[in-house]
Amino acid sequence: MLEPWQEQWVQQHSVLLVQSFYDWTGQALIPEMSPLAALAKQLFYAPQVILSHDTQSDPRFNYGNQMALDLWETTWDQFIGLPSRLSAELELQPERQLFLQQVQQRGWAQNYQGIRITRQGRRFAMRNAILWNVRDRMGVLHGQAAMFCEWEWLKDTSIHQE
């Protein structure tokens, strides 16, 4: 069985993530641009959380690197296709949605913070996240992505939502 980063579509999506991050921020998401498979592996095992969702009306996760999967206490198969709104508490979803709409209009934003929920219902605060629109070289929007290195587990009770 192939690891996620070995799938051709994941390799292609990895290039979109890296290129669009650079296009918006002028910064490299990973240290070096490598051949396709090496780039996808490097992104998947990067030391920061990297994830993205698609462009559906109820966006679904279409990428999560190993740090994201570990943080959300899930597997690739459980994460991919999950509505991304479910990563936020129900009462915080409107605020999250408003911010995502602002990012879609502006292209990218930095210093985002928010409370998120793992698959197991544990809560954590993410800080200093960068969010950006994932676009190809023709300008076609493929979704939005986020990258962050800072998070803290919250000590209050776990949240379980349906």
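The lining of the largest cavity in this predicted model is made up of ten nonpolar, five polar and two charged residues, where Ala, Val, Leu, Ile, Met, Phe, Trp, Tyr, Cys and Pro count as nonpolar, Asp, Glu, Lys and Arg as charged, and the others, Gly among them, as polar. Because the model is predicted, local features need pLDDT of at least 70 and side-chain atom pairs 80 or more, while totals for chains, interfaces and linings use all residues. Residues are numbered from 1 along each chain, and side-chain values use heavy atoms, without hydrogens and water.

**The cavity**

- The whole structure holds one cavity of 30 Å³ or more, a cavity being a set of points on a 1 Å grid where a 1.4 Å probe fits but cannot get out, with lining residues having an atom within 4 Å of a point.

**Helix H5**

- Buried residues of H5, a DSSP run (H or I, at least four residues), are Gln93, Arg96, Phe99, Leu100 and Val103, buried meaning under 20% relative accessible area and exposed over 50% (1.4 Å probe, protein chains only).
- The face of H5 turned away from that buried side carries the exposed residues Pro94, Glu95, Gln105 and Arg106.
- Glycine 107, which follows H5, has a positive phi, near 105°.

How values were computed:
1 Å grid on protein atoms, 1.4 Å probe; cavity = no way out; pocket = protein on both sides within 12 Å on 5 of 7 lines; lining within 4 Å. Points joined across faces, edges and corners; volume = space filled by probe spheres on them. Helix = DSSP H or I, 4+ residues; strand = E, 2+ residues; numbered from the N terminus.
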